Amino acid sequence: MAGERLKEIAEWALDRFAVKPIEKSLMDRRVAKGAWYYGDGAALFLLFNVLLFTGAFLSLSYNPSMEGAYPSVRYITDNQTLGWFVRGLHYWSAGLMVVMLVFHLFRQILAGGYKSPREGTWLIGVLLFFAVIATSLLGYVLRWDERAIYGLRVALNLLYRVPLIGESLVLVVQGGPHIGSQTLPRIYAVHVIFVPLLLLALIGYHMYLVVMHGITGPTERTRPVASSEEQRRLYKADALSEERGETFFPYTAAKSGAMAGVVFLVVLVLTLVLGPGRLYPEANLVEPSFPVEEWWWSWYSALAALLPPRLATAFYLGFPVVLFLFLVALPFLDRSPRRGLRNRPVAVVFVSICVIAILSLSSLRARSPWTAFPRAEPPPVPDGVVLSPQAEQGRHLFAQFGCNSCHPIDGHGAQFARDLAATRNVLSHAEFRRYILDPPEAIAMPSYAGRLTDEELNRIVDFLMHVQITRHR
């Protein structure tokens, strides 16, 4: 009796809330079979929901003001019950979402998932890609630590260089001519209201298009498809086939859900083992800050740092624009009828190069105190140079703080930055100190103010003075 009563209640609810048409059109539909890793879309959707829920809880205690932002994040992390856990889930979900987004992008390029009739699905996905990137950058500014203020200054510097409207964009973001009391509330509002609403709209439409046009089916991946009409015919045949098709629920849903679950498990483990993202010293609008980007952007920083300084700014501003235009144009440039990994060798080579480059540059940045390849050994002493005990200490400190990862000494070592022993004019002790603590704006070098004690700084300068003076004799 009880079972029949529950069934009646379930039937009543399905009817009154008009769930049956949704169930029939979404859950009971036949779809072409896909591999387990086709669940990357479901993983992205789950991560987005985790970010929404954890962000909502964080907003209960976060204070979006210059005076209160950093203390509130510190309070959430150190004092609020399970605050560290919620913030950790938010942090690692954001990072994994960027990683999964790149994975999803590369998978579609390999499979030709942007080909007709899926051009619209791809273009909405491109907008989603850049919206997620934008909100990931805004998110770590809200911590208002030293890393946040550096990232904000870089972003404002790039916006200022946008032709015609650059200055207006900076004024809108800052809320005035300078970073001030209006800046953080504006970034907070964009991060928690405007971008999430945009993402919800784009995700909903993207999922609708996926339902309407389906995934790249098994037959598509093995033979050329000349037109959208042929694709629809092949996809329908795959979906209705017992061998190549399946019912979305429970089969496809189970595979997608399994991958989403694994990704969330990774987020959970990272949160429990590593905790939330590190908080650096509080943002200071007076003292210079040194750059420490989030781990998922380390490759970008390394690539920019390896470029000549005169090209670095143009790269930072131009690369996103070029990437956006390339992704938008890709469905219209690639007119080949071939789809599927095995039929697209050019796409395989392209994606392989991109993955190797991203991993190599990320490794380079992770292993380096600044930008270039790390060098643990102190730089060689130039011929004819006799170092004092203090200068010898400075030589070892020069390596310890990563200076020789970029700067050669008398032509020996990395060649990424200025040879500090081969300057045209002899620099004074004070000039060397100023160069290290407050590098010129055109130099892609972090400030070491606050990272060196006065004694360590003097020892490094002693070393540089010795090799410089000998070089100019």
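## Handedness and the pair H3 and H5

A crossing of two helices is called left-handed if the near helix is turned anticlockwise from the far one by less than a right angle, and right-handed if the turn is clockwise. In this predicted model, helix H3 passes helix H5 in a left-handed crossing. The axes of H3 and H5 come within 9 Å and cross at roughly 155 degrees, and because angles over 145 degrees count as roughly antiparallel, H3 is described as roughly antiparallel to H5. The contact between H3 and H5 is made up of 16 nonpolar, six polar and three charged residues.

## The pair H5 and H11

Helix H5, which covers residues 83-111, also packs against helix H11, residues 248-274, at an angle of about 135 degrees and with the two axes 9 Å apart. That angle makes H5 oblique to H11, and the crossing of these two helices is right-handed. Among the residues that form the contact are Trp84, Phe85, Trp92 and Phe103 of H5, together with Met259, Val263 and Thr271 of H11. Sorted by class, this contact of H5 with H11 has 14 nonpolar residues, three polar ones and no charged ones.

## The second largest pocket

The second largest pocket has a volume of about 1,300 Å³, and 50 residues line it, with Gly41, Ala42, His206, Met207 and Val210 lying nearest its centre. Helices H3, H5 and H11 are among the elements that give two or more residues to this lining, as are helix H9 (183-213) and strand E1 (30-32). By class, the lining of the second largest pocket consists of 30 nonpolar, 13 polar and seven charged residues.

Terms used:
Residues are numbered from 1 along each chain as its sequence is written. This is a predicted model: local features need pLDDT of at least 70, side-chain atom pairs count only at pLDDT 80 or more; totals for chains, interfaces and linings use all residues. Side-chain values use heavy atoms; hydrogens and water are left out. Axes are lines fitted to C-alpha atoms, for helices over the stretch in contact, and angles run from 0 to 180 degrees between N-to-C directions. Helices (H or I, at least four residues) and strands (E, at least two) are DSSP runs, numbered from the N terminus. Angles under 35 degrees count as roughly parallel, over 145 as roughly antiparallel, 65 to 115 as roughly perpendicular and the rest as oblique. Contact means heavy atoms within 4.5 Å. Ala, Val, Leu, Ile, Met, Phe, Trp, Tyr, Cys and Pro count as nonpolar, Asp, Glu, Lys and Arg as charged, and the others, Gly among them, as polar. On a 1 Å grid over the protein atoms alone, a cavity is a set of points where a 1.4 Å probe fits but cannot get out, and a pocket is an open set with protein on both sides within 12 Å along at least five of seven lines; lining residues have an atom within 4 Å of a point. Grid points are joined across faces, edges and corners, and a volume is the space filled by probe spheres set on the points.
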